[in-house]
Amino acid sequence: MKGITILGATGSIGLNTLEVIKQHQDKFKVIALTANRDVEGLNALCLEWLPRYAVMADAQAAEQLEQRLKRAQLPVQVLSGKDGLIKVASLPEIEIVMAAIVGGAGLVPTLAAAQAGKRILLANKEALVMSGQLLLATVFKHDAELLPIDSEHNAVFQCIPPSHFNTTYDHSRTQLKTPSALADSGISRILLTASGGPFRHYSYEQMQTVTPEQACAHPNWKMGPKISVDSATMMNKGLEVIEACWLFSAQPHQVEVLLHPQSIIHSLVEYIDGSVLAQLGNPDMRTPIAHALGWPERISSDVKRLNLAEIGQLQFELVDFKKFPCLQLAYDAMLAGGTTTTILNAANEIAVQAFLQKRLRFTDIHRVIETTLSHLTGRIVTQLDLILEEDTRAREFATEIVNQYSTTNYH
């Protein structure tokens with residue numbers, strides 16, 4: 001039985017992970033669950049799953065949770081803050097860490113899991129966007145495993161040859177080594193599909209007055225507010241382009257984005273002989289979660305079977321980069337290299353938060369990011385403390401830009 005820590009247990013990925021584990025309680029044991037400030041949600045999960053550890057990122061929330069669990073007489077040790085997250089990501093009895101904390105806050109515990117040689121199920125794309133070189137170097141140095149949970153990257157992982165990762169087997173587990181260049185595996189390009197979000201048919205002018213409620217109403221996926229807004233701006237796809245470059249040793253021009261409103265084909269891999277392999281499935285995050293939990297074996301996910309005849313047709317469109325400028329900003333940041341992607345991610349998080357708080361227009365999100373990138377120059381750094389300094393610097397600058405915008409024009 002494999003011990004598992006779920007970082008971000010009360011979010012959509014965390015809850016879906018528990019749904020999959022519920023079907024395989026003979027294979028996995030939940031050792032630790034974490035959340036940010038959702039005391040009610042984590043308390044309910046502790047009552048159901050009886051983990052050894054529960055961690056709240058917020059210290060005050062941790063105190064509230066501890067009081068509740070004591071009243072329920074549950075033997076759950078409550079921890080808090082960064083130190084608590086690091087501990088449960090690196091416990092000796094843990095084999096698998098689901099890294100599902102949203103945003104830059106997930107970087108430190110994900111690195112801790114890598115340093116401890118864990119199998120990391122990476123749903124937190126910001127960890128690679130902020131610090132791809134450092135995270136991968138840590139994974140390889142400590143013989144950890146890094147399996148993608150984003151549906152698009154998990155699809156690519158399923159479509160590439162195992163030799164692309166120089167997969168080797170030891171007596172206990174499969175370990176992923178440094179990936180080779182795409183061309184060495186006969187791959188010409190990777191195509192990440194995107195639904196286009198709720199505003200695929202909107203003009204840029206129409207998007208100027210959309211509300212957070214509209215932006216969070218994704219047509220296909222059930223996600224948290226931050227990632228839903230990222231999907232609406234297509235920054236989410238931009239972050240995925242950066243993530244794909246790190247995961248699969250690709251150059252930005254080898255990773256393309258294709259609009260596919262049905263979200264049935266999750267990604268495609270084109271080979272130099274003209275073959276194109278695609279992974280298909282209903283839009284349900286339990287599929288990639290089950291794939292990564294069981295890999296290299298297959299385990300059930302309880303996902304609805306795909307019925308192509310019922311769907312009838314699949315559509316594809318090119319992306320309008322003028323309407324979705326955040327996607328172009330992500331490509332540009334990856335090409336610039338260094339901590340430019342760290343700056344991109346930090347500015348985006350500040351802008352999205354301001355939009356969700358109705359302090360910023362939807363169409364001002366990309367302006368905040370673009371202005372931040374134009375004023376702050378990325379650096380080549382591989383130390384965590386310097387990366388976090390860059391992140392802080394970008395957040396402070398982006399906050400200043402947000403404060404300069406009007407907050408009154410909402411409908």
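Helices, at least four residues long, and strands, at least two, are DSSP runs numbered from the N terminus. In this predicted model, Gly 224 is placed by that scheme in the loop that separates helix H9 (212-215) from helix H10 (225-233). The relative accessibility of Gly 224 is 26%, so the residue counts as partly exposed, given that buried means under 20% and exposed over 50%.

Gly 224 is one of the positions that the unreviewed UniProt entry annotates as "binding site". The annotation also covers Thr 10, Gly 11, Ser 12 and Ile 13, together with Arg 37, Asn 124 and Glu 126. Glu 126 belongs to helix H6, which spans residues 126-141. With a relative accessibility of 6%, Glu 126 counts as buried, because the cut-off for that class is under 20%. When neighbours within four places in sequence are left aside, the contacts of Glu 126 include Gly 103, Gly 104 and Ser 131. Lys 226, Leu 239, Asn 345 and Glu 349 are also in contact with Glu 126.

The loop between H6 and S7 contains Asp 143. The phi angle of Asp 143 is near 55°, a positive value in a residue other than glycine. Asp 143 has a relative accessible area of 30% and is therefore partly exposed. Strand S7 itself covers residues 145-148 and includes Leu 146. Leu 146 is buried, since its relative accessible area is 6%. In sequence, Leu 146 and Gln 328 are 182 residues apart; in space, the C-alpha to C-alpha distance between Leu 146 and Gln 328 is 27 Å.

A positive phi is also found at Ser 263, where the angle is near 55° in a residue other than glycine. Ser 263 is located in the loop that links strand S11 (255-259) to strand S12 (265-271). The relative accessible area of Ser 263 is 6%, so this residue is buried.

A further backbone feature concerns a peptide bond. Trp 295 and Pro 296 are joined by a cis peptide bond, with omega about 10°. Pro 296 lies in the loop between helix H12 (286-294) and helix H13 (308-311).

Conventions. Residues are numbered from 1 along each chain as its sequence is written. This is a predicted model: local features need pLDDT of at least 70, side-chain atom pairs count only at pLDDT 80 or more; totals for chains, interfaces and linings use all residues. Side-chain values use heavy atoms; hydrogens and water are left out. UniProt positions are given in the numbering used here, feature names are shortened, and annotations may be inferred rather than shown by experiment. Buried means under 20% relative accessible area, exposed over 50%, partly exposed in between (1.4 Å probe, protein chains only). Contact means heavy atoms within 4.5 Å.
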